[in-house]
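Hi,

Here is the structure I promised to pass on. Have a look at it, and then read my notes below.

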Amino acid sequence: MLTTGVAALLVAAALVLGVREIGGDDGTKVVAEFTSAAPLVEGNQVKVDGVVVGTVKKLAVRKGHAEVTMSLDRAAMPLHDDATFTIRPVSLLGERYVDIDRGTAGAPTLDLSARVPVSRTASNVGLDDVLNTFDDPTGKGMGALVTTLGSGLRGNGKKADAALTSLAPSMRETEKMAAVLAQHNELLGSLIENVEPVAKALATDDGKAMDKIVDSADELLAASSAQQEDLDKTLQRLPKTLASARSTLDHLSGTAEQTTPTLEGMRPLTDRLPQISKELTAMSDALDPALATSRPVLERAQKLLDVATPAADDMRKGGPDLATAVGSTRPVVSKVTANRENLFNFIRYWALTTNGHDGLSHYFRVNASINTAMLTGLVPVSKPKASSQPEAAPSTQKPLAGLLDFSGTSDGPTGLEKKQEKSLLGFLFGGN
């Protein structure tokens, strides 16, 4: 008896611990919002991968949504931020339970203090939900359909069998098409989403928009029918037009082949076009202030041109005489250029010899080394005239007396006689 009592106590303790482990008062509380939780009742199970990890503790309505409070044990943890909660049936007509998908392992942990939003909860449709959609009118219509089908098939079993046999290949093709469509569910969903706004737009005003489109299509078809003859003529001319277009395209192809090397040669320039454009932009920005202030300068230049026009006309008239004068001075300029060193020495030495002055005027300073050959070579000596008188005695006058005589007999700036000046210039510039 004692052994039996101990065993009973152990079984009772195990049951209590099991209840606590399944989601007793010490379990972790999680609250999830569902669009509808009508099939659930308090005490329904909560499962993860088919294993019971808790129970439904409370059902409530909050802001139009069903609020389900669940108590979960440690085996359900951890739940991640992208975990989902789905109400599923135990059997076709049985009770419901909450199935939890823990979410991605690398995702953040679920915040248990916040409610799981409706976006991450769902509810499977049960058979009772489907049967509940058959109200009285729908049920009567369904019964009439079944009765009509039964009447139609009465006595036609062989024909129906033959029809099904004939439809077998088509059904296989349909199965293949369904498999292809299943692979493109995402594309079909996107297509339906894109078609839905169009369908809604066509369905506005009780289909009046669709009626307008149909009427417009009727008018277009009527206009096309009225122009059928012209359209036929156009279609008859179309082959010749296409042939001409093909020939033109052939010529364009040859032109393009010839243009290709030119374009390739221009490529370095086109590559530099952005840089050139930037430089032109910078230059135009710099020119803007100058152009803005250029009007007064242009007006002043116009006035100067107006004043210079008569002088230019006079110079144009005197152009031939000026050309003659320039041509006459060319030999002089050539000789002066050839002896420019002697000329510059003469000017420099003349300035040095005449820069001194006394109380009366400037005086001329000379420092010369003279011999008899130089004097006889520089100073012209006039030949004595023939005379019947006896030859006079030799003069005691010095040879430089005629050259260095500054008695004021000449009015020139040098104080020399013309013959003396000529001899001096010949010595400086060359020649006689």
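When I say salt bridge, I mean a side-chain nitrogen of Lys or Arg within 4 Å of a carboxyl oxygen of Asp or Glu. A search of the whole structure finds six of them.

Before the details, some ground rules. This is a predicted model, where local features need pLDDT of at least 70 and side-chain atom pairs count only at pLDDT 80 or more, while totals for chains, interfaces and linings use all residues. Residues are numbered from 1 along each chain as its sequence is written, and side-chain values use heavy atoms, with hydrogens and water left out.

Now the overall picture. The chain has 12 helices and seven strands (DSSP runs numbered from the N terminus: helices are H or I with at least four residues, strands are E with at least two). Of the 432 residues, 13% are buried; buried means under 20% relative accessible area, exposed over 50%, and partly exposed in between, with a 1.4 Å probe and protein chains only. The chain exposes about 34000 Å², and carbon and sulfur atoms supply 61% of that (Shrake-Rupley areas with a 1.4 Å probe; for residues, only the protein chains shown count as cover).

Next, the core. The largest nonpolar core has 22 residues, and Phe 34, Val 46, Met 70, Leu 72, Phe 85, Val 98 and Ile 100 have the most contacts inside it. By nonpolar core I mean buried Ala, Val, Leu, Ile, Met, Phe, Trp, Tyr and Cys residues joined through side-chain atoms within 4.5 Å. Strands E1 (28-34), E2 (45-48), E3 (51-62), E4 (65-72), E5 (84-89) and E6 (96-101) each give two or more residues to this core, with the largest share, four residues, coming from E4.

How do the strands around E6 pair? E5 and E6 are antiparallel, over six bridges, and E2 runs parallel to E6, joined by three (strands pair if DSSP finds at least two bridges between them). Val 48 has Ile 100 of E6 as its bridge partner, while Arg 88 stands opposite Tyr 97 in E6. Five of the six residues of E6 are buried, so this strand is largely enclosed by the rest of the structure.

Back to the charged pairs. Arg 115 and Glu 67 meet at 2.5 Å, N to O. This pair links distant parts of the chain, with Arg 115 in the loop between E6 and strand E7 (121-123) and Glu 67 in E4, 48 residues apart. Arg 115 is partly exposed at 41% relative accessible area, but Glu 67 counts as buried at 13%.

Another salt bridge is found between Asp 313 and Arg 316, with the closest N and O atoms 2.8 Å apart. These two are about one helical turn from each other because they sit three residues apart in helix H8 (residues 294-317). Asp 313 is partly exposed, at 30%, and Arg 316 is exposed, at 57%. Elsewhere, salt bridges that share partners join Glu 33, Arg 62, Glu 67 and Arg 115 into one network.

Cheers
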